[in-house]
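Welcome to my notebook. I looked up a few local features here and wrote down what turned up.

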Amino acid sequence: MTAQPKIINQAIDFVTELYRSTHNKEVVYYTLPNTLAFHSEAMEIAEQEELKDTLHLEIATLFFHTQFWNKKNPEDSRNTHLHEFIETHKTKLDEQKIITLMDSIHNNSEGKTLEESILYDAHYSYLGKKNFTRNLYLKAKDEDNQPSVIELHQKKIRFMIDHNYRTSYAIREFAERKSKNIYKLQTIADKWISKKNKDKRKDRKLGRGIDTMYKSIYRNHINLSAIADGKANLIISVNTIILSVIITLAGTGYTFFETGFFKYARFTVPVIILLICSLTAVIFAILSARPNVTKKRVNRERLLAKKSSILFFGNFATVELQDFVREMGVFRQEQTRLYDSMSVDIYQLGIVLHRKYRLVQISYNVFMIGLAVSVLSFLGIFIYSEFHIQ
């Protein structure tokens, strides 16, 4: 066995043991099998290009992938492993030359040596193979370079268009397939862009639906509040007329007639019932229609806890101007905060509406019961009086 194959076998054993001891399950592309395949690909190209001395090239292919086995400090770990191998086996390898070779893989310049060109073409040979798309995603994952799918495709398409194989063998074997892969990748990217645009249109449509929902709820609250105020005003108008008439007639009767408003005092009972019930109904109606502005002190903690809404004037009237402007500015950046604040505002409006309608209901019930009891008592007293007098 010659010296060179012996060193290569030692390097393979060293890298194999290193992979076994530092194997990271998250590494899916730069695995040991792919490392050995990378080495074989480089040797195939070197043979076709008639490169005589392949020792440093082979060592470079075997140690290049080791940088991805240690995520913490990849470049140093690669060079450290190489140095450790050279020191352990006391080889006469040119360490700096191997490091330069490995560094040249990411250099896209034209002035490459034959060794650098072979290593470069072997590394990017996956661009011109059938399993290209699969390797593309796996490679991006290992390199911690995982942008969106569209970004990844577009970036790789630009790279592949600018990329050129350097050796005659790679041009013959990989260039044609690379062109097909560019077209394939562009087709996939177009589909993702189309899907993204469709999702955006769907999101905008959904957003318009949500906006419409909030507008409808606000409009309904305003209309219901107007209806409640209208009902309260009706009760107030009717009962104030009744109260005015009763008080005026009673006052006139006691002023100008010695016998008072009624000839018989018992007929004043229905009037008093109607008077009391009308007054009670008016009081509840006024409480319903009366403006009620909250005076709670609103701060940032209450807003973040979704206990208050900055959109209600009763709340932001107690807030400093700069704080109000800042909170409104947040809504332009965080749509979720905006919708949450609107939801809190709608909830509080609902509580106000519930109170309004409860008071209006009480007012109508009191007026209805009072009117009915007053009329029935008047009829009862009238009938009773007529029969007993006769």
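I call a residue buried under 20% relative accessible area, exposed over 50% and partly exposed in between (1.4 Å probe, protein chains only). This is a predicted model, where local features need pLDDT of at least 70, side-chain atom pairs count only at pLDDT 80 or more, and totals for chains, interfaces and linings use all residues. Residues are numbered from 1 along each chain as its sequence is written, and side-chain values use heavy atoms, leaving out hydrogens and water.

**Entry: rings.** I searched the whole structure for aromatic pairs and found 14. One of them joins Tyr169 and Phe174, edge-to-face because the ring centres are 6.3 Å apart and the planes stand at 90°. For pairing, ring centres of Phe, Tyr and Trp (its six-membered ring) lie within 6.5 Å; planes under 30 degrees apart are stacked, over 60 edge-to-face, and the rest tilted. I then checked their cover: Phe174 is buried at 6% relative accessible area, and Tyr169 is buried at 10%. I also noted one aromatic cluster formed by Tyr29, Tyr30, Phe38, Phe64, Phe68, Tyr126 and Phe132.

**Entry: a charge over a ring.** Arg166 lies over the face of Tyr120, 4.8 Å from the ring centre. My cut-offs were NZ of Lys or CZ of Arg within 6 Å of the ring centre and within 35 degrees of the ring normal.

Entry: Most residues other than glycine have a negative phi. Glu50 is exposed, at 62% relative accessibility.
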